[in-house]
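Please look over the sequence and the fold below.

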Amino acid sequence: MAHSHPAQQSGISPAATLLYILLACGAITGALLGTHLNPEWRWLHYLTKPTATALLLVLTLSVSNAASRHYRNAITLGLTFAIGGDFFLMLPQDYFMAGLICFLLTHCAYIYALLSDHAAFKPSVFLGFAVIAVLIITGLWNSLPDGMHIPVAIYALALALMAAFALNRAMNMTIADRNTKQAAKIAAFGGIFFVISDSILAYGRFRYDIPLNSLWVLGTYYAAQWCFARSVLRDTHD
């Protein structure tokens, strides 16, 4: 049987993929220009940052060949919370706590999705990400303002747990479902990208002045969200 184009099988057209990339690039460009050139360029960031995530939400909802309806619904719920997080974190006022809560709920929704396959438990994966969470928390602890220590610690643990579940699922699935193997690997990359993005965001906000911070934070963030949206699709076979 001839191979069909993945975009056609998934219902996600190449034009939609290109539009997502353009919106993500617009958000990054607007943030960089607004910070380093002229604050008026922030309008581009405001326009495209939540729009890119909203597009992913629409594309995910439109998938007709999802490997699991439960998984797709949980991922779309996570993307919905992420749109709220995008909105709060991009505003000039300090709504960091509101954004933190929204993305905490995103990770909880993703964990719920990742648990749907009942993957066997691989302790070494969870131990490794527990160490990463502890390193993130201890590295930030003395730089955090009053009242932020516990929220940041809870968020870091949830983030690490989400990434651990994603990698654990990809490495050690008890249900050998050939329809989700590749998708599980893509979700694992999403979890890793999210850890990188949020770690850079936290350290750039509370501890270090990171050059081109928006590029690294948003670049890995949009890659992470794309991976989770793409992981909804059923794997294709001959």
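Leu22 lies in helix α2. Helices here are DSSP runs of H or I with at least four residues, strands are E runs of at least two, and both are numbered from the N terminus. This is a predicted model, in which local features need pLDDT of at least 70, side-chain atom pairs count only at pLDDT 80 or more, and totals for chains, interfaces and linings use all residues. Residues are numbered from 1 along each chain as its sequence is written, and side-chain values use heavy atoms, with hydrogens and water left out.

How exposed is Leu22? Its relative accessibility is 53%, so Leu22 counts as exposed. The C-alpha atoms of Leu22 and Ala52 are separated by 8.5 Å. Along the chain these two residues are 30 residues apart.

Leu33 also has its place in helix α2. At 24% relative accessibility, Leu33 is partly exposed.

Is Ile137 buried or exposed? At a relative accessible area of 13%, Ile137 is buried. Ile137 and His118 are 19 residues apart along the chain, and 29 Å separates their C-alpha atoms.

Now turn to the loop between α8 and α9, where Leu212 has its place. Phi of Leu212 is near 55°. That is a positive value in a residue other than glycine. Leu212 is partly exposed, with a relative accessible area of 39%.

Next come the empty spaces. Rolling a probe the size of a water molecule over the atoms shows where empty space is left. The search runs on a 1 Å grid over the protein atoms alone: a cavity is a set of points where a 1.4 Å probe fits but cannot get out, a pocket is an open set with protein on both sides within 12 Å along at least five of seven lines, and lining residues have an atom within 4 Å of a point. Grid points are joined across faces, edges and corners, and a volume is the space filled by probe spheres set on the points.

The largest pocket holds about 930 Å³ of space. Its lining counts 44 residues, and Leu89, Leu201, Arg205, Asn213 and Val217 lie nearest its centre. Which helices supply at least two residues each of this lining? They are α2 (14-36), α3, α4 (69-90), α5 (96-114), α6 (123-141), α7 (149-171), α8 (181-206) and α9 (213-230). The largest share, eight residues, comes from α8. By class, the pocket lining divides into 27 nonpolar, ten polar and seven charged residues. Nonpolar here covers Ala, Val, Leu, Ile, Met, Phe, Trp, Tyr, Cys and Pro; charged covers Asp, Glu, Lys and Arg; the others, Gly among them, are polar.

The structure holds one cavity of 30 Å³ or more. About 40 Å³ of space lies in the largest cavity. Ala67, Ser68, Tyr71, Ser116, Asp117, Arg169, Thr180, Ser231 and Val232 line it. Three of these lining residues are nonpolar, four polar and two charged.

What about charged pairs? Side chains of opposite charge can pair when their charged atoms come close. A salt bridge is a side-chain nitrogen of Lys or Arg within 4 Å of a carboxyl oxygen of Asp or Glu. By this rule the count comes to two salt bridges. In one, Lys49 pairs with Asp86, and the closest N and O atoms are 3.1 Å apart. This pair links distant parts of the chain, with Lys49 in helix α3 and Asp86 in helix α4, 37 residues apart. Both Lys49 and Asp86 are buried.

Asp94 forms a salt bridge with Arg205, where the closest N and O atoms are 2.9 Å apart. Here too distant parts of the chain are linked: Asp94 is in the loop between α4 and α5, Arg205 in helix α8, 111 residues apart. Asp94 is exposed, with a relative accessible area of 59%. Arg205 is partly exposed at 40%.

Conventions
Buried means under 20% relative accessible area, exposed over 50%, partly exposed in between (1.4 Å probe, protein chains only).
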